[in-house]
Amino acid sequence: QVQLVESGGGLVQAGGSLRLSCARSGSIFSINAMGWYRQAPGKQRELVATITTGGRTNYADSVKGRFTISRDNAKKMVYLQMNSLKPEDTAVYYCNVGGLDGRSWPFDSWGQGTQVTVSS
């Protein structure tokens with residue numbers, strides 16, 4: 001079973017920075033993509049950024065130029081560096097990883113989420 005644990009959320013003033021981390025455990029055969037999503041109160045969960053095992057990245061228009069997704073395959077970690085934070089970035093941020101597990105069965109795992117609050 002693939003499990004994800006996020007950390008690094010918190011309260012920050014507008015213009016500040018935070019770095020989210022996502023630690024992965026469990027046996028895998030391959031990963032298709034890793035990503036960060038967020039869900040604000042009363043809104044649907046939305047994609048923030050994704051990164052493939054080859055390093056190709058994709059960002060939501062609202063975070064381009066401010067957020068950077070990265071991964072460390074050896075450490076089984078995915079990161080989200082968030083700079084120039086805005087109050088509208090306030091949300092619960094979730095890590096997501098999909099691929100094939102150690103038995104070559106497809107998986108799509110989510111973390112429990114970490115709260116990011118940006119004050120104006």
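**Exercise 1. Determine how many bridges join E1 to E3, in which sense these strands run, and where they sit in their sheet.**

Solution. Strands E1 and E3 run antiparallel and are joined by five bridges, where two strands count as paired if DSSP finds at least two bridges between them. The model is a predicted one, in which local features need pLDDT of at least 70, side-chain atom pairs count only at pLDDT 80 or more, and totals for chains, interfaces and linings use all residues. Residues are numbered from 1 along each chain as its sequence is written, and side-chain values use heavy atoms, with hydrogens and water left out.

**Exercise 2. Decide whether Ser21 is buried or exposed, and list what Ser21 touches.**

Solution. Ser21 is found in strand E3. Its relative accessible area is 15%, and because buried means under 20%, exposed over 50% and partly exposed in between (1.4 Å probe, protein chains only), Ser21 is classed as buried. Not counting residues up to four places away in sequence, Ser21 touches Val5, Glu6, Ser7, Trp36, Met77, Val78 and Tyr79, a contact being heavy atoms within 4.5 Å.

**Exercise 3. Find which residues line the largest cavity, and characterise Asn73, one of them.**

Solution. A search of the whole structure finds one cavity of 30 Å³ or more, and the largest cavity has a volume of about 40 Å³. Here a cavity is a set of points, on a 1 Å grid over the protein atoms alone, where a 1.4 Å probe fits but cannot get out, and lining residues have an atom within 4 Å of a point. Its lining consists of Cys22, Arg24, Met34, Arg71, Asp72, Asn73, Lys76, Met77 and Val78, which divide into four nonpolar, one polar and four charged residues. At least two lining residues come from each of strand E3 (18–25), strand E7 (67–72) and strand E8 (77–82).

Asn73 lies in the loop between E7 and E8 and, at 42% relative accessibility, counts as partly exposed. Leaving aside neighbours within four places in sequence, Asn73 is in contact with Arg24, Met34 and Thr53. The C-alpha atoms of Asn73 and Arg24 are separated by 9.8 Å, although the two residues are 49 residues apart along the chain.

**Exercise 4. Explain why strand E9 is described as largely enclosed, and trace its pairing with E4, E11 and E10.**

Solution. Nine of the eleven residues of strand E9 (residues 91–101) are buried, so this strand is largely enclosed by the rest of the structure. Strand E4 (residues 28–39) pairs with E9 in the antiparallel sense over ten bridges, and Ser30 stands opposite Leu100 in E9. Strand E11 (residues 114–119) runs antiparallel to E9 and is joined to it by three bridges, with Tyr93 opposite Thr114 in E11. Strand E10 (residues 106–110) also pairs with E9 in the antiparallel sense, over five bridges, and Gly98 stands opposite Asp108 in E10. Finally, the hairpin of E9 and E10 has four residues between the strands, and in this hairpin Ser104 takes a positive phi near 65°.

Methods:
1 Å grid on protein atoms, 1.4 Å probe; cavity = no way out; pocket = protein on both sides within 12 Å on 5 of 7 lines; lining within 4 Å. Points joined across faces, edges and corners; volume = space filled by probe spheres on them. Nonpolar A, V, L, I, M, F, W, Y, C, P; charged D, E, K, R; others polar.
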